[in-house]
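Student: Before we go through this model, could you show me how to read a few of its features, taking the general idea and then the case at hand?

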Amino acid sequence: MNSVIKGPITVGENSVISHCYLQGNITVGNGCVVSGIGPDDYKVNEALQIPGLLCLLGYNISFPHVNNKYNKVFVVFGINDNPENLVSNEASGTFCNKTWKTFFERTGIKSTDLWMHGLPEENRNLFNARLFPVVHHIGNDSDDPPLYDCLWLAGINVKTSNETMIQRWFSSLRVSLKEILSNIDLGVEFYARRQLFFDIGRRHVEAALMGGTNECFLPFLKTCAVEGFHKEILETMDNVASSSGSSMGVAARTLACIADVLGAMAGEKAGLRSGPAQNDAWKHAFQLLEDKKIEDGVKALALERSKWMDRPDLLIRAARHYEGAEQILRRHAVMTAKQFMKFEKTDIPPMDRWVIAEAPVRIDFSGGWTDTPPIAYEHGGVVTNVAIKLDGKKPLQVKAKRIHKFQIILVILAGKHSVRVVCEKLEDLADYSQPHAPGALIKACFCAANIVVLDSPKSLADQLKERYGGGFEVHSSADVPYGSGLGTSSILAGVVMGAVLRASGLTADVTSLIHAVMVVEQMLTCGGGWQDNVGGLAPGFKIASSKASLPIEVEYEVLSVSDSMVDQLNKCLVFVYTGKTRLAKNLLQVKEDLEPNDIKEERLVIHSFNQNVVRNWYGRQPNIVKVVDDLADNAKTLAKALVDGDLTLFGQCVSNYREHKKLIAPGTEPEDIRRMMEDIQPYAYGQCLAGAGGGGFLCVIAKSPEMRQKIEETLGNTKFSDEVAFHEVSIDNEGLTIRIE
């Protein structure tokens, strides 16, 4: 209890260690109580054995009439000793579980050495025996620490001769247990225990971060912030983050924890944690992290942090910059997926021939959020989803072709709107990391595929001329309502990548494209998880996973779902668009009148959801860890239900998923949608909003075709928005397709 135990230390059964710092070769017998002992109290390099049934206690006491400082004194007695039993009673009067007679014979100490002359024998007991040395004579010959006096009194071998120990004992100022308990310096005692508590907590934080465990230490970090131990815990986490043995993921989590401490120091009135992290003073540290110089970057962060500790408003801004630094390292961690991108050369299509890539969207049935970094590589992700056609067609299409002009032309189609972007210089592509930049996604794909090299000394025109004999024109379109929750932005990135690769004479399989999308989304600086990539690029029903490790690698298995189960789903699945995304106040606000920036806005919405979920995950609160476990387990159960053809269990798993998402990302199920779902609950095995929530599509598993009709009638009669619309859904067993026309 409130103790540090290091080294080959053995503690017997039914023993209690409290408020101790023990290290070295120590054996504590059965049924002991050891308290208040530290490494300065004994010889750490020598073996120490404490026999069973002993109490060995250290106290800080103060004797103003002796000196002006506190003294450390040690007490020993037996578990079976009764301090009030008389010494004269040979049957019950004991010291260290043995008779007083045995003690006197072994040590040579006499009764008159322990009790004041004139104190009647009927008043002499262990409680008032002046046994315990507190101040030693300067001239004593022993270099044994004070604890060894108690060990000798208890008959424990201390390697010093009995004569020396007797001389040392006689030359010391000695006090009784009664006097000790009356003179404990409570201020010093509590201070020592408090220091030990924070030292233990600091060690636990260090071990948990280095070990990547799911231990929740957020309450401890907040305690450090308000109790004046922020300096020690911040220095500890600086060391963890900058350690050469730390992985990118460990360093990222540690920086997030530093942000928690700074946020707690700032207090609730300092402002929101979410906010800009673009102050010029932090740019040097950020650049070091971008260059993967973690140790130097962490030191630069700490140096800058020291200048922002004086006011709450500065502290909260420092916390934002630490979260910005964490995002850099998390991005590096996800970019390890690059090694699973494999492109192969193939014939380059003729000039002005369109490469047409099309893909379905996806419905996530369970496991979403476990695919989100850092959860995906710290916990491991498991997702079950399905590729679908919407109203009979693949809704995502990208066309790419080579053109005679040495430039890159981008045409982004969104409903009745379109945006045309012409890139004639490398600088025109360099803004891909700004999500609001026109054509940012397509630009990022060109750069991620190395079709264009931004840091090349050659101009854009020269690169296009030498490598491809012309430029490129790319058209993208997504015939999906805004805020659908169907993974549109991520899947579209895969479609773009597939199209531009093929147009440039390269090809990649689905697995490579899944990982390529992860890289592209990190380049866009608002990357989410990997489940959308899998859901729309790979065909049919599948279960996908990533391990709790780096590099991050995603694997998927197409599930063998029977025709009868597919037929049941086709007859019982209701798919209704509920309207534009409605976000909670603490999430990103978006415009009501969207121009052709729908896809960009959707990426930013997802990014905002991710920030909150990631922050909660880094805190490792037990309820968050449990819901992540449950999400992964539910995805596996749902996959089995699909294969087994169990529609009832499948629907229950979908409803479980709904509850899990509400727990991990509160505020993502608007009240009007919740009421709508309650109205149709009697007719459904399960229902859930697609994607992150907040609106978009609602997926309902009706109990029967007749119940499906009831659901459609109920929803049709209780529309809360003119945007509510039913859509036909069919399973897409092709996934991404690419053809040349």
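Student: Which backbone oxygen does the side chain of arginine 402 reach?

Tutor: A polar contact is a pair of N or O atoms within 3.5 Å, where, within protein, one must be able to donate a hydrogen and the other to accept it, and where residues adjacent in sequence count only if both atoms are side-chain atoms. Here the side chain of arginine 402 reaches the backbone oxygen of proline 349 at 2.8 Å. Keep in mind that this is a predicted model, in which local features need pLDDT of at least 70 and side-chain atom pairs count only at pLDDT 80 or more, while totals for chains, interfaces and linings use all residues. Residues are numbered from 1 along each chain as its sequence is written, and side-chain values use heavy atoms, with hydrogens and water left out.

Student: Is arginine 402 buried or exposed, and what is its nearest side chain of opposite charge?

Tutor: Buried means under 20% relative accessible area, exposed over 50%, and partly exposed in between (1.4 Å probe, protein chains only). A salt bridge is a side-chain nitrogen of Lys or Arg within 4 Å of a carboxyl oxygen of Asp or Glu; Lys and Arg count as positive and Asp and Glu as negative, with His and the chain ends not counted. Arginine 402 is buried yet has no salt bridge, and aspartate 352, the nearest side chain of opposite charge, is 8.8 Å away. Contact means heavy atoms within 4.5 Å, and, not counting residues up to four places away in sequence, arginine 402 touches residues including Pro349, Asp352, Tyr468 and Phe472.

Student: In which strand does arginine 402 lie, and to which strand do five bridges join β18?

Tutor: Helices (H or I, at least four residues) and strands (E, at least two) are DSSP runs, numbered from the N terminus, and two strands pair if DSSP finds at least two bridges between them. Arginine 402 lies in β18, residues 396–403, which runs antiparallel to β15 and is joined to it by five bridges; the partner of valine 355 in β18 is alanine 400. β15 also pairs in the antiparallel sense with β30 (residues 737–740), over four bridges, where isoleucine 356 has arginine 739 as its bridge partner.

Student: Why is β15 described as largely enclosed?

Tutor: Five of the five residues of β15 (residues 355–359) are buried, so the strand is largely enclosed by the rest of the structure. Both faces are covered, with Val355, Ala357 and Ala359 buried on one side and Ile356 and Glu358 buried on the other.

Student: How many residues of β17 are buried, and which strands pair with β17?

Tutor: In β17 (residues 381–390), nine of the 10 residues are buried. β17 pairs in the antiparallel sense with β16 (residues 361–366) over five bridges, and six bridges join β17 to β23 (residues 541–546), again antiparallel. β17 also pairs with β29 (residues 729–731) in the antiparallel sense, over three bridges.

Student: What span should helix α5 have?

Tutor: The expected span of a helix is 1.5 Å times one less than its number of residues. The 26 residues of α5 (residues 186–211) should therefore span 38 Å, and the end C-alpha atoms are 37 Å apart, which agrees. Within α5, isoleucine 200 is buried, with a relative accessible area of 8%, and, leaving aside neighbours within four places in sequence, isoleucine 200 is in contact with Asn2, Ser3 and Val4. Glycine 212, whose phi is positive, near 65°, follows α5.
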